[in-house]
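Visitor: I'd like to walk through this model with you before I set anything up. Can we start with how far to trust it?

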Amino acid sequence: MIDWYLQEPVFDFEKGEFVLVNGSPRMANGLDELKNWIRKILHTKRGHYTIYEGSDYGTRVHELLVGKSLPIEYVKAEIQREIKENLLRHEAVISVESFEVSHIGSELTVSFHVTSEFGAFREELSLVG
């Protein structure tokens with residue numbers, strides 16, 4: 001088990017802003033930090049934001065959908081690969097598996113199982129192409 005815990009500010013993806021308590025960012029650690037980190041990685045387009053310029057922060061899952069007409073099986077396989085490679089970079093993540101992908105119209109939903117030093121959970125990402 002990891003003997004130290006990273007902390008990072010909690011981001012509310014529905015509101016599109018950091019969660020503040022008395023004017024200061026609420027910090028997450030352990031399992032909450034990992035889930036927050038995963039959501040931030042999955043929702044950040046790599047190379048899109050100046051703050052992350054020169055790094056490999058974020059994913060390219062959006063690039064596989066927007067303005068492309070690739071075979072859906074190829075897109076599904078590449079999204080799974082992209083998610084798995086990015087999430088395994090976190091020291092607490094042990095495995096990313098059991099992917100389920102549904103495709104309805106221009107929306108693609110990917111759910112998967114994450115096993116970590118803090119416990120196991122399912123995560124989901126919805127993409128609109």
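Guide: This is a predicted model, and the chain averages a pLDDT of 86, with 93% of the residues scoring at least 70.

Visitor: Where in the chain is confidence lowest, and where is it highest?

Guide: Confidence is lowest in strand β1, residues 7–9, where the mean is 84, and it is highest in β4, with a mean of 94. As a caution, where pLDDT is low, the predicted coordinates should not be read in detail.

Visitor: OK, on to the fold. How many helices and strands does the chain have?

Guide: There are two helices and nine strands in the chain, and read from the N terminus the elements follow the order β-β-β-β-β-β-α-α-β-β-β. The chain is as compact as a globular protein of that length, because its radius of gyration of 15 Å is close to the 14 Å that the globule rule gives for 129 residues.

Visitor: And what box do the C-alpha atoms fill?

Guide: Taken along the principal axes, that box is roughly 45 × 30 × 30 Å.

Visitor: What share of the residues is buried?

Guide: Of the 129 residues in the chain, 36% are buried. As for contacts with a separation of 6 or more, 41% of them are accounted for by residues 24 or more positions apart.

Visitor: Switching to the surface: what does the accessible area come to, and how much belongs to carbon and sulfur?

Guide: The accessible surface of the chain comes to about 7800 Å², and carbon and sulfur atoms hold 49% of that.

Visitor: Backbone next. Which residues other than glycine have a positive phi?

Guide: Among them are Asn 22, whose phi is near 55°, and Ser 98, for which phi is also near 55°.

Visitor: Where does Asn 22 sit, then?

Guide: Asn 22 is placed in the loop between β4, residues 20–21, and β5, residues 24–25. Its relative accessible area is 81%, and since the cut-off for exposed is over 50%, Asn 22 counts as exposed.

Visitor: And Ser 98, is that one in a loop or a strand?

Guide: Ser 98 lies in a strand, namely β7, which spans residues 93–104. With a relative accessibility of 48%, Ser 98 counts as partly exposed.

Key. Residues numbered from 1 in each chain as written. Predicted model: local features only at pLDDT ≥ 70, side-chain atom pairs only at ≥ 80, totals over all residues. Heavy atoms only, no water. Helix = DSSP H or I, 4+ residues; strand = E, 2+ residues; numbered from the N terminus. Rg over C-alpha atoms; globule rule 2.2 N^0.38 Å. Buried < 20%, exposed > 50% of the residue type's maximum accessible area, 1.4 Å probe, protein only. Contact = heavy atoms within 4.5 Å. Areas by Shrake-Rupley, 256 points an atom, 1.4 Å probe, with all protein chains shown as cover. pLDDT = per-residue confidence, 0-100.
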